[in-house]
Amino acid sequence: MKKWLVSLRNDFHRHPELSMEETRTTGRICEVLKNYDVEISTFDDMTGVVGIVCGKKTEGRGRTLALRADIDALPVQEYGDRKYRSVVDGVMHACGHDANTVIMLGVVRKIHESGLIEKINGTVKFIFQPAEEKLAGAKAMIAKGVLENPHVDWIVAGHMDPNLPVGTVGVFSHIGHASSDPFELVITGRGTHGASPQKGINPISAGGYFITALETILSRCINPADSAVISIGTFHAGNAGNVIPDHAVLKGSIRTHDESVRKKLLAAVEDLVKGVDTIFGTTSKLEVKPGAPLGVNDRGVCKFLHDASVSVLSEEKVRTLPFHMGSEDFYYFTEIIPGAIMRLGCADMESGIIAPLHSPRFDIHGDVLQIGTDIFFKAVENFFDVR
């Protein structure tokens, strides 16, 4: 099993695909599912796969457990000379979605080969979701009805964690990830020659003031006990050093772990934009796009994953995690049904596998694939009370 898992992961890793472009990945998943007599559903207008395994003991509808894996890669150029290095320039599985996918395929195989299918009273639904990196895939699959026919009672998922050594895992107790609201601010001024700044309105100055004032929002408007982050990732303006441009474009994100803080921050940023326009005479347009929801894990499902993990590893190898400032579109599922996501340690100091997620040097220790498979297989056993 381990050799098969590693080989399959390496194949996915060599052939990464960006969000909503996961055509080969979708096809490869289907190939594996067909080997284990899984009922497969794909979509005409998007990538992704749903696999359904119906227990032989099912009477009526029975209960349904969904296991979700994200399948997309990132626009990152991979570094290093690993044999399984990405063959696609500028695209890499730098977030471990290839491993997440393979673990759930491992569960499919283990259910098939162990004979567990004969003992299950209900359904196991495997959701291989595209476009997590765009925070769009979960919503799209929900719209396709993946939580119905049959209706999903609980949903679980796993993700790689390079902050944890391989052989350990982390489980949340409730809140897991931050909400994330990306925004774009277009500041329009009046262009002029750099020698005559008084004839123009400089959007760069206005943008610089906006960035500086953001720190005041966090320090003066938000309780220090509350966690919140406002980050500016891009600031583009002008093309020549001696010309004041007409406009500047800034892009960033707002993250927090509390819905009331989220609303307060959004209102404060809008007020700041109005103040910048008043001070500098600019005309600005702020567009906030709803991003990932607040990462709420169901407490009961968290304990469920904790118990499965302890059964496979041991109590001392299972850690309770604090919340992350990162975001996850998995939580679109948990807005509808109970669910939880856990983290699987994939780092190994001795092998030099320590790079963070989204790094061009990110990698995993192969043992995490078997560990993840065993934990989620145990979760299936426990869900259907099969001993």
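The side chains of R68 and D329 meet in a salt bridge, with N and O 2.9 Å apart; a salt bridge is a side-chain nitrogen of Lys or Arg within 4 Å of a carboxyl oxygen of Asp or Glu. R68 lies in strand β3 (residues 63-70) and D329 in the loop between β15 (318-321) and α8 (331-334), so this pair ties together parts that are 261 residues apart in sequence. Both R68 and D329 are buried, where buried means under 20% relative accessible area, exposed over 50% and partly exposed in between (1.4 Å probe, protein chains only). Helices (H or I, at least four residues) and strands (E, at least two) are DSSP runs, numbered from the N terminus.

The model is predicted: local features need pLDDT of at least 70, side-chain atom pairs count only at pLDDT 80 or more, and totals for chains, interfaces and linings use all residues. Residues are numbered from 1 along each chain as its sequence is written, and side-chain values use heavy atoms, with hydrogens and water left out.

R68 also takes part in a polar contact of 3.0 Å with the side chain of Q129; such a contact is a pair of N or O atoms within 3.5 Å, and within protein one must be able to donate a hydrogen and the other to accept it, while residues adjacent in sequence count only if both atoms are side-chain atoms. Q129 lies in strand β4 (residues 122-129) and counts as buried because its relative accessibility is 0%.

The salt bridges number 20.

R28 is partly exposed at 24% relative accessibility, and E31 is partly exposed at 46%. R262 counts as buried at 11%, whereas E259 is partly exposed at 35%.

The largest pocket has a volume of about 870 Å³. A pocket is an open set of points, on a 1 Å grid over the protein atoms alone, where a 1.4 Å probe fits, with protein on both sides within 12 Å along at least five of seven lines; lining residues have an atom within 4 Å of a point. Of its 32 lining residues, E133, L135, R255, S327 and H358 are the closest to the centre of the largest pocket.

Terms used
Points joined across faces, edges and corners; volume = space filled by probe spheres on them.
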